Amino acid sequence: MVITGLLGLVSCQNPQNSAMVSGAVKISRVVSGQTVEILGTPESPNIISQVRLIGLDAPDLSQKPWGEDSKKFLESLLGDGNKEVILEFDLAKEDKNNRMLAYLWEDKKLVNEEMIKEGYGLFVGRSPNHKYDQRLEYAQQWARIMGKGIWNIDRPMRITPGEFRRLYR
């Protein structure tokens, strides 16, 4: 009953309801479990830009084995290098590292949510971007209940990605 309710709430939102949707862009490459490079935006069609997925804190690549697993799962979601996706922006469009901040939609699936739901990252709400916080929180609860990825009881991730970066960078 609870799981059905969670799934129902998770599937309610889609990018067509937003006024801040960018056009389709092509994924150039996956940098990590939370960052991709895109080729072109409507404003700059020939520029490669980095996009950080909002609400997702994926393990650092050197946080083994979870960082590489996270990157590989994101690559599997996005297929080969020329996949077209839709970027949806929230209030803040860039982070302090000049990466675009966006929700990534592929075939009507919210990629940020899929990464969290399958246990390849944590939900971390960051102000002022909160549009899908509840949806991403439910995805994390699902992953924890199901023991997916970083929540696997046989191989849990014991330190958050943020803590790992603070300690080892």
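## The nonpolar core

Let's start in the middle: the largest nonpolar core has 32 residues, and the ones with the most contacts inside it are Val36, Ile38, Leu74, Leu78, Leu87, Leu104 and Val111. A nonpolar core here is a set of buried Ala, Val, Leu, Ile, Met, Phe, Trp, Tyr and Cys residues joined through side-chain atoms within 4.5 Å. Buried means under 20% relative accessible area, exposed means over 50%, and partly exposed is in between (1.4 Å probe, protein chains only). At least two core residues come from each of strand E1 (21-30), strand E2 (35-39), strand E3 (48-53), H2, strand E5 (84-88), E6, H3 and H4. E6 gives the largest share, six residues.

Take Leu74 as an example. Setting aside neighbours within four places in sequence, Leu74 is in contact with Val30, Ser32, Gly33, Gln34, Val36, Leu53, Val111 and Met115. Contact means heavy atoms within 4.5 Å.

## What kind of model this is

This is a predicted model, where local features need pLDDT of at least 70 and side-chain atom pairs count only at pLDDT 80 or more, while totals for chains, interfaces and linings use all residues. Residues are numbered from 1 along each chain as its sequence is written, and side-chain values use heavy atoms, with hydrogens and water left out.

The predictor's confidence in each residue is the pLDDT, which runs from 0 to 100. Its mean over the protein is 87, and 84% of the residues reach 70 or more. Residues 1-19 are another story: the pLDDT there is below 50, and beyond near neighbours in sequence the stretch has 21 contacts in the model. Where pLDDT is low, the predicted coordinates should not be read in detail.

## The overall layout

The protein has five helices and eight strands. Both are DSSP runs numbered from the N terminus: helices are H or I with at least four residues, strands are E with at least two. Along the sequence, the pattern reads α-β-β-β-β-α-β-β-β-α-β-α-α.

Of the 169 residues in the protein, 48% are buried. Among contacts with a separation of 6 or more, 63% are between residues 24 or more positions apart. The protein exposes about 9100 Å², with carbon and sulfur atoms supplying 51% of that; these areas come from the Shrake-Rupley method with a 1.4 Å probe, and for residues only the protein chains shown count as cover.

Ser70 sits in helix H2 (residues 66-78). Is Ser70 buried or exposed? It counts as buried, because its relative accessibility is 0%. Not counting residues up to four places away in sequence, Ser70 touches Gly33, Ala58, Pro59, Met115 and Tyr120.

The whole structure holds four aromatic pairs. Rings of Phe, Tyr and Trp (its six-membered ring) pair if their centres lie within 6.5 Å; planes under 30 degrees apart count as stacked, over 60 as edge-to-face, and the rest as tilted. Phe73 and Tyr120 are stacked, because their ring centres are 4.3 Å apart and their planes are at 10°. This pair links distant parts of the chain, 47 residues apart: Phe73 is in helix H2, while Tyr120 is in the loop between helix H3 (111-117) and E8. Phe73 is buried at 17% relative accessible area, whereas Tyr120 is partly exposed at 23%. Tyr103 and Tyr132 make an edge-to-face pair, because their ring centres are 4.7 Å apart with the planes at 90°. Tyr103 lies in strand E6 (residues 100-106) and Tyr132 in the loop between E8 and helix H4 (133-146), 29 residues apart.

## Helix H5

Which residues of helix H5 (residues 161-168) are buried? They are Pro161, Gly162, Phe164 and Arg165. They sit on the same side of H5, because they cover an arc of only 160° around the axis; the arc is that of the directions from the helix axis to the C-beta atoms. These buried residues pack against strand E4 (56-57) and strand E8 (122-123). On the face turned away from the buried side are the exposed residues Arg166 and Leu167.

Lys64 and Pro65 are joined by a cis peptide bond, with omega about 0°, and Pro65 is in the loop between E4 and H2. The peptide bond from Ser127 to Pro128 is cis as well, with omega near 5°.

Asn98 is not a glycine, yet its phi is positive, about 60°. Asn98 lies in the loop between E5 and E6 and counts as exposed at 60% relative accessibility.
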